[in-house]
There are 2 protein chains.
Amino acid sequence: MKAIHAEVITIGDEILYGQITDTNTQWLSAALSQLGIKTIRKSSVGDRYSDIQSILKEASQRAQLVILTGGLGPTNDDITKKVLSDFLGKPLIQNDDVLRDVDYFFTSRGRVLSDINKLQAFIPQDAVALRNQYGTAPGMWAEHEQVIFISLPGVPYEMKGIMNDYGLPALKKHFKTPFIQHQIIRTAGIGESVLAEQIKDWEKALPHFITLAYLPSYGSVKLRLTGLSENLAIVEAEIKQQVKKLLPLLGDKYFYAAEDINLEVHIGNLLKATGKTIALAESCTGGYAQHLITSVPGCSAYFKGGIVSYSNEIKEQELGVPKSLLEQKGAVSPEVAEAMATGILKKFQTSYAIAITGIAGPDGGSVEKPVGMVCMAFASDSGQVVSKTVQFGKERDTNIKASAAVAMNLLRLGIEGKLS
Amino acid sequence: MKAIHAEVITIGDEILYGQITDTNTQWLSAALSQLGIKTIRKSSVGDRYSDIQSILKEASQRAQLVILTGGLGPTNDDITKKVLSDFLGKPLIQNDDVLRDVDYFFTSRGRVLSDINKLQAFIPQDAVALRNQYGTAPGMWAEHEQVIFISLPGVPYEMKGIMNDYGLPALKKHFKTPFIQHQIIRTAGIGESVLAEQIKDWEKALPHFITLAYLPSYGSVKLRLTGLSENLAIVEAEIKQQVKKLLPLLGDKYFYAAEDINLEVHIGNLLKATGKTIALAESCTGGYAQHLITSVPGCSAYFKGGIVSYSNEIKEQELGVPKSLLEQKGAVSPEVAEAMATGILKKFQTSYAIAITGIAGPDGGSVEKPVGMVCMAFASDSGQVVSKTVQFGKERDTNIKASAAVAMNLLRLGIEGKLS
């Protein structure tokens, strides 16, 4: 069977020119995908009659559902409703329910209903008004040559409110939709190309109704399996089967979660479950690794704190790194990273500690220690100390974020007892 | 003169399904409009050959410039390059410069160049490679029937890097765009609407060829004056005139730079010029304020380091905050913020120090100390100690970033001697 295809269109110059961020299309396509409706294209056009008219024509030839957001305000530059009514070949007529809504919206706020606002109550003949309890512009539902058109205001909380209240339930009822099942597999410590090489036979053997996507970010690759079928049981069973085949190929050093959680959250879960605590000592990452840890709500349960020892003086004074070691091995060395980790572990009395020292760049490198060289160490109150040295590139911000990501994975492996 | 018309296309199921946020199209269309190039449509399609093929055809009939992002990875689901080469009617051939880049990218990181990665070096014949110093997938520039096609990787920092390094300068040269003169005025500590009210008469009086944009970010508003004309001298002179009128209206407590530098860079310049040093003590911001400071190259000249004292135990132990004070006033109080600031100042022996303590949320608030309440303090080795309490909202990530931004401005004002 074929999936229901949808197109999402945002209307407004401010989005087209990059003056405001469009959050509506992401929310809409995610909501549709939950209904098993597949977004096949998203478009943004400006507030021009001909542009809106042509995207309506094009989209209605490709999809069975066309959702428009924006351009429903009462001002002159908002023309979506006019274009839509011409496209449908239906005049704009006053809708009494909407007029009551708009009237109530103003009077309940002690304001007077202006003639301009009365225009909000006009919608194309035969269209269904999707009432707006959050603002004055109603949504609209219209059918035209077997295509459903939904027009929504651009203000995100009004758009979402209308869709949650009326739009999504109506879509669920109207389309006998197939089921889309997503399964996220989170990996860390393996690059996209190596990972792809490692699972390519499995990927080739996937059934036609299951697709795979690689979603890489700093130090981690997210795998997304998407199954599409009218039989939920079949998709669920098949995805479960495929995951069972996939996990052994990944190996438990790279795989860390069969749900969409980042390493910081996963680490937090591990620590909360065991009642363990952590502290961090950072040099080149300058606090960014601790920012990742503290971006997780409730992290105070396991994160005591840390030290950013940017100068050698502070590495000695606060972390007890021996001056001799700094002089012999240099601040960027596995030995100093290990001394920093054991230093913060003892000082903050935690179960685990991570330390990071490196050359973030763009300057400060040398032949034997180029920009992008970063040393990290994991230390545990059991006495285990493991260090790791990575070579990144020349770009400072990337080096900082990539180092922190790799350090998170080192911490994860240490907590999971997978370091040796 | 007629504006150059552009279309921006993002490729990838993850954006279509709403699983990741597309920040690329907003950045691109904003960057293009800075060149006087007008985005007339944005589209997102999935990783399917026919969808990419048809959007390429459509866009090239409407615009003189078509920019594609995404789908350039080495894995099977990334097919943009194949579609583009077929569309251009040019076979994919190996580009030696790119091969060297990719090879260097891996070998310099002590990794082996896999066959899959070698594929990154293939681009359509006659296309110009836009070299990628931030990743392995090169950008591409091709001309076909008077339309310019630029294909870029989807990873935002790679895409932006390539466009800043090669794409935007090349576009400026290729399309004889009118002279565009920008003047940035950086302010901090004043909200957009208050600022707009304060300068509205000046704004109204701007000549037609000068436009003003308010670019707000956490705790600061960037004003961008844009002059567009065929006569460079006229624009430059007029902008200089307008800035001279504007600055007195802003006042030197809010205005801090007539160039596009953020507070961290500005603070770094002040400290380097005076040979002063800083240290930070953070609680609720969890290292993010130090990340801002250390995002500036060369910050080791003035930043000694800091402490993330997430637990009260660490606030006492490391910063010498009296237990009694923590009990009487609570960890989130101006008094504790001041004690943290003076504590880190003494311990790290710096000229200045900043401390931040608050309730980032989403939980942990109370009636008298709600989520989003944040106390900050500035301390100087001259003995000056100034604290400031701000009430933010309920969203953790926003509270962390906004607190750090306000702290940066407190530090700036302290260094500039504008606190009292």
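Modeller: Q146(B) counts as exposed, because its relative accessibility is 68%. Keep in mind that this is a predicted model.

Biologist: What cut-off makes a residue exposed?

Modeller: Exposed means over 50% relative accessible area, while buried means under 20%. Q146(B), at 68%, therefore falls in the exposed class. Q146(B) sits in the loop between β7 (139-144) and β8 (147-152) of chain B.

Biologist: What is the phi of Q146(B)?

Modeller: Phi of Q146(B) is near 65°, which is positive although the residue is not glycine. D126(B), another residue that is not a glycine, has a positive phi of about 70°. D126(B) belongs to the loop between β5 (122-124) and β6 (128-130) of chain B. With a relative accessible area of 58%, D126(B) is exposed.

Biologist: Where in chain A is there a cis peptide bond?

Modeller: Look at omega, which is near 0° for the bond from G361(A) to P362(A), a cis bond. P362(A) is in the loop between β15 (352-358) and β16 (373-380) of chain A. In chain B, a cis bond joins G361(B) and P362(B), with omega about 0°.

Biologist: Now a charged residue. Is E203(A) buried or exposed?

Modeller: E203(A) is buried, yet it has no salt bridge. A salt bridge needs a side-chain nitrogen of Lys or Arg within 4 Å of a carboxyl oxygen of Asp or Glu. For E203(A), the nearest side chain of opposite charge is K204(A), 7.8 Å away. E203(A) lies in helix α9 (residues 200-204) of chain A.

Biologist: Which residues does E203(A) touch?

Modeller: Leaving out residues up to four places away in sequence, E203(A) touches L212(A), Y214(A) and N76(B). Y214(A) also stands opposite L223(A) in β11(A).

Biologist: How many residues of strand β11 of chain A are buried?

Modeller: Nine of the 10 residues in β11 (residues 220-229) are buried, so the strand is mostly covered. As a general idea, side chains in a regular strand alternate between the two faces of the sheet.

Biologist: How many bridges join β9 of chain A to β11(A)?

Modeller: Strand β9 (residues 179-188) is joined to β11(A) by 10 bridges, and the two run antiparallel. One pair to find is T187(A) with its bridge partner V221(A) in β11(A). Strand β10 (residues 210-217) of chain A also pairs with β11(A) in the antiparallel sense, over eight bridges.

Biologist: What do β10(A) and β11(A) form?

Modeller: They form a hairpin with two residues between the strands. In that turn, G219(A) has a positive phi of about 65°.

Key. Residues numbered from 1 in each chain as written. Chains lettered and ligands numbered in written order. Predicted model: local features only at pLDDT ≥ 70, side-chain atom pairs only at ≥ 80, totals over all residues. Heavy atoms only, no water. Helix = DSSP H or I, 4+ residues; strand = E, 2+ residues; numbered from the N terminus. Buried < 20%, exposed > 50% of the residue type's maximum accessible area, 1.4 Å probe, protein only. Lys, Arg positive; Asp, Glu negative; His and termini not counted. Contact = heavy atoms within 4.5 Å. Pairing = 2+ DSSP bridges.
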